[in-house]
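This note sets out some points for a colleague who is meeting the structure for the first time. Please keep the sequence and the model at hand while reading.

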Amino acid sequence: MTTPVLALKDVSKSFGMTKALSGMSITLFPGEVHAIVGENGAGKSTMIKIMTGVHQPTTGSLEVDGKPLSLSGTQAARVAGIAAIYQEPMVFPDLDVAENIFISATDLGLVQNRVRLRTRARALIDRIGMSLDVDRIAAGLTLAEQQAVEIARALSQDVRVLIMDEPTASLSAHEAGELRRVARKLASQGVAVVYISHRLEEIFEVADRVTVIRDGMHISTRPVGEVTPDSLIADMVGREVGNYFKKAPSHATPEVILKVTDLACEDIFRGVSFDLHKGEVLCMAGLIGARRTDVALSLFGIRPATAGTVSYKGTQVRYTSPAQAIAAGIAYVSEDRRKLGLAMPMPIRSNITLATLASILSPAGIIDRRREREIAEAYRKRLNIRTPNVDLAVGMLSGGNQQKVMLAKWLELKPDLLIFDEPTRGIDVGAKAEVHDLIRAFVAQGGSAIVISSDLPEVLAMGDRILVMREGRQMGIIDHKDATQESVMRLALGQFEGAA
Amino acid sequence: MNALKAGLVKLQSWEGFLLVVLIFIILMNASLTDNFLSVGNQMNLFMLSIEKIIVALVMTFVIINAEIDLSVGSMMGLSACAFGWMFQQGVDPVLAIGICLLIGLVGGFINGWFVARVGLPSLVVTLATLIGYRGLARVLVEDRGIGDFPQWFNDLGQKGLIGPVPFGLIAFVILFIGLYVVLQRSGFGRKTYVIGTNREVADFAGIDTGRVKIVIFVMSGLVSAFAGLLFAARVGAVRGDVANGFELDIITMVLLGGVSIFGGTGTLVGTLLAILIVLNLRNGMALLNITGHIQTGVVGLLLIASVLVPRIKLPTVKAKEVT
């Protein structure tokens, strides 16, 4: 290990007001597998995008072979020998393996020499060390085989840095093992492999060094022999818990409002069981792909569960449309404001009254505009929605204020059970605290809340109890008294006490 | 200066722009010909296209809902031909009218059901029924004309009902007022806009989006059948190709009125202004002896302008944005 093949030097990246990376430095040496771990939103994707030329750093620089280089785009990154493969491989289903590997090759001439193409494809597949017939049509390949095709495609362009972004997230244990062997094999041939994964156990199997990043910053880089799962988790979560995130006293009462037993939906999730008490906040924690939103959607009637039972206010229910859930007093605040939450070009007032439209209609079905305005103005004051008037298109507001409009829509329903899906994602700290207060006020008045959040401090601050999911399975429920960032993260990563 | 700016902002609304264009066209026409502003000419102008402009009102609902109904022309033809055929078979004309309206209702429901419940794109569904309904119309009447309807029926299409004002125009005004209230003031209208803007948001808010869509297609079929009958009464005869191709003129008027083809935006007032512009423009050009083909070309240019002009942003728009 002499000259690093790729280095980020003090790289920062901002998107408007949001800082995705700040002062990030990382060096990659030829022949190493370098694992990168961090929570959702820690800045991993932004870093990959800077390495592959999709984004340009706001400040700081990249060095390739020790020389400064600015990557003006993905093409420049490819020329520099940097390639990435993702969880979902990109293959053309109607072409065969060889054609897929050389899909963007330019040196093959107008009329491809099929024999030469196949010989070269076979050589690349051999280099990866997988047995794969180059004449097979891509449509029939397994995910792991498709990833092999992507890797071979990268190799065909003399890749020197290969970034693997959660390559094993949707693979079976056997396939994942095979892919890890490929990563090792490439490293032995001098490629620098960046390996991003939420599965801690495989990092210990595949990586030479591990870098932890958190909140867009570099936390640590150590040889894998010097770390333990516990030390990694501590690095991933170890941020100061500010005053915003002090746990408020619980309002939970003994009365059970929702009882979920062994809920499952096809092969998306299964084995979800919990009680929700009146006045309680139940947080659902987990990493991307934990399938928490799918559980919420099944409770809300969007995609009904296929097994298990839900008992709401003492009666067994199975909602097959949101209208039924809404009529029963269940509201779901979506994580995706733009797609599922708000009609962006429409006025704030119309969005606020959308779920309760019937209550402002005259017997003839005409909208009582004065009543609508009163309702909207009341929420504007109560939730401190910063806008000159309620006739403005909601899309013109900032993210935090949009979030408040969406909350207003569901609060106006006066629900008994509110499911918040990532209620504070992408909004600033001030708005975040306001949303937290609002959830607390809601349960203080006898409502019950399920809060899905990937933000650990938020989970600890809000949850009376914390349900942790991982890849469609319920891993456990932790009482807030026993919950720490480490204990939640350990469950979310599938690490049990003493397991590693 | 500020007043000027405020004025410019107001003109930014498409309806404002259409109003200016309309006034300009009327003034031009009035200065070029003597009898342009006479009640007779203005009413005549409406009556020549009364069937299309009636259907344009419901087409506004369809397009704001982010759908399209290409079958309206065929439904007009089917309704007119069914009336003619039944009249020939000796069915009581009043009963025949009722059956024709029922045909429109069912035809619209078929469109709506396939779109809302099966989930097929309305472009495909209504293209299929455009062919199907037209086919039925031709089967019923073939290529001969059927006429000699009762005098009272023809009078409905041709004579003044209240004073000089014919039934068709009265129906248009009543329909406009009714649909205006529904679209711009009622809960159903609100749902129409929300679904057109983002159907998933409406679904998640517990709105039965499929039902709204079916109702709108039923409205479209029913009003088209009514317009077909009106055509039969006004012309006094029907043929298999009645109202052939009307759907394109109708959709043009609605789009010109500022209704976005992607759904969610536009108003019934915009459609009304666009109708008035197209009618006055064609009438003015006719009075100047400009041929029909050139008239059509001018309407086409206007449609392109209607897509382009809202994209030209004045700097004043920035002031409206608040973070």
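The numbered points below go from the chains to their domains, strands and core.

1. Basis of the note. This is a predicted model, in which local features need pLDDT of at least 70 and side-chain atom pairs count only at pLDDT 80 or more, while totals for chains, interfaces and linings use all residues. Residues are numbered from 1 along each chain as its sequence is written, and chains are lettered from A and ligands numbered from 1 in the order in which they are written.

2. Chain A as a whole. Chain A has 17 helices and 20 strands; helices (H or I, at least four residues) and strands (E, at least two) are DSSP runs, numbered from the N terminus. Its radius of gyration is 25 Å, close to the 23 Å that the globule rule gives for 500 residues, so chain A is as compact as a globular protein of that length. The radius is taken over C-alpha atoms, and the rule is 2.2 Å times the number of residues to the power 0.38. Along the principal axes, the C-alpha atoms of chain A fill a box of roughly 75 × 55 × 45 Å.

3. Chain B as a whole. Chain B contains 15 helices and two strands. With a radius of gyration of 21 Å, close to the 20 Å from the globule rule for 323 residues, chain B is as compact as a globular protein of that length. Its C-alpha atoms fill a box of roughly 70 × 55 × 35 Å along the principal axes, and 46% of its 323 residues count as buried.

4. The interface. How many residues of chain B are in contact with chain A? There are 21, and they meet 24 residues of chain A; contact is defined by C-beta atoms, placed from the backbone, that lie within 7 Å. On the chain B side, the elements that give two or more residues are α10 (187-197) and α11 (199-204). The most come from α10(B), with six residues. By class, this side has seven nonpolar, eight polar and six charged residues. Here Ala, Val, Leu, Ile, Met, Phe, Trp, Tyr, Cys and Pro count as nonpolar, Asp, Glu, Lys and Arg as charged, and the others, Gly among them, as polar.

5. Domains of chain A. Domain 1 (6-237) and domain 2 (243-492) make up the assignment for chain A, with bounds from an automatic or database domain assignment. Their C-alpha centres lie 36 Å apart. Nine residues from domain 1 and nine residues from domain 2 take part in the contact. The domain 1 side divides into five nonpolar, three polar and one charged.

6. Strand β3 of chain A. All five residues of β3(A) (33-37) are buried. Val33(A), Ala35(A) and Val37(A) point one way, whereas His34(A) and Ile36(A) point the other way. The strand runs parallel to β8(A) (192-196), joined by four bridges, and pairs in the parallel sense with β9(A) (209-214), also over four bridges. Pairing requires at least two bridges found by DSSP. Ile36(A) has Ile196(A) as its bridge partner in β8(A) and Thr211(A) in β9(A).

7. Six bridges join β19(A) (465-470) to β20(A) (473-479), which run antiparallel. In this hairpin, with two residues between the strands, Glu471(A) takes a positive phi near 45 degrees. Helix α17(A) (485-492) has six of its eight residues buried, so it is largely enclosed by the rest of the structure. Its buried residues, which include Val488(A) and Leu491(A), pack against α8 (229-237), β13 (281-285), α16 (456-462), β19 and β20 of chain A.

8. The largest nonpolar core. Which residues touch the most other members of this core? Among its 252 residues they are Leu162(A), Val193(A), Ile419(A) and Val488(A). Helix α12(B) (209-235) gives the most to this core, with 17 residues, and domain 1 and domain 2 of chain A each supply at least three. A nonpolar core is a set of buried Ala, Val, Leu, Ile, Met, Phe, Trp, Tyr and Cys residues joined through C-beta atoms within 7 Å.

Notes. A residue is buried if 20 or more other C-beta atoms lie within 10 Å of its own, exposed if 12 or fewer, and partly exposed in between; C-beta atoms are placed from the backbone. Two residues are in contact if their C-beta atoms, placed from the backbone, lie within 7 Å.
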